[in-house]
Amino acid sequence: MPERGLLPPPGTPERGACYRWMLFASPLEFFITARRHGTIAPSMEAGYGNEADLLRTLDLAIAGKQYVVGDRFTVADLYLAAFIGYYIQIGELAPTPAFQAYAMPHLQRPAALRANARDDALAKAVSAEGR
């Protein structure tokens with residue numbers, strides 16, 4: 001949906017940075033899943049490195065910022081805020097001041113609230129069907 005303007009213009013440094021932060025969440029999620037299941041690989045063998053480096057990288061990217069890329073909301077903010085909010089909610093990320101200050105305002109955006117309401121309704125319907 002290009003008309004939403006959630007990606008910076010093609011060919012700009014901001015476009016590359018946006019992709020960087022969207023892709024950064026993958027190794028972080030791999031790490032959180034591995035940690036949760038007790039299967040953390042040695043740092044030199046894992047595609048995610050180690051916990052300290054991952055969390056420090058994320059913290060430095062968002063600390064004191066409203067947006068992770070540039071001066072406006074992008075798909076990277078949408079993804080990282082949802083990621084951080086979810087993993088805080090289930091207890092897999094500590095609710096640090098930097099994580100809270102960055103993610104919580106994005107999670108209160110009208111579009112985020114509408115999406116969460118749809119998800120909640122779907123989860124309720126699926127649960128009622130016994131799946």
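Q: Is Arg 36 buried or partly exposed?

A: Buried means under 20% relative accessible area, exposed over 50%, and partly exposed in between (1.4 Å probe, protein chains only). Arg 36 is partly exposed, at a relative accessible area of 48%. Keep in mind that this is a predicted model: local features need pLDDT of at least 70, side-chain atom pairs count only at pLDDT 80 or more, and totals for chains, interfaces and linings use all residues. Residues are numbered from 1 along each chain as its sequence is written, and side-chain values use heavy atoms, with hydrogens and water left out.

Q: Which residue forms a salt bridge with Arg 36?

A: Side chains of opposite charge can pair when their charged atoms come close. The cut-off for a salt bridge is a side-chain nitrogen of Lys or Arg within 4 Å of a carboxyl oxygen of Asp or Glu. Here the partner is Glu 92, with the closest N and O atoms 3.3 Å apart. That pair links distant parts of the chain, 56 residues apart: Arg 36 sits in helix H1, Glu 92 in the loop between helix H3 (75-89) and helix H4 (97-107). Helices here are DSSP runs (H or I, at least four residues), numbered from the N terminus. Glu 92 counts as buried, at 15% relative accessibility.

Q: How many salt bridges does the structure hold?

A: Four. One of them joins Asp 53 and Arg 56, at 2.3 Å between the closest N and O atoms. Both lie in helix H2, three residues apart, about one turn of the helix.

How values were computed: Helix = DSSP H or I, 4+ residues; strand = E, 2+ residues; numbered from the N terminus.
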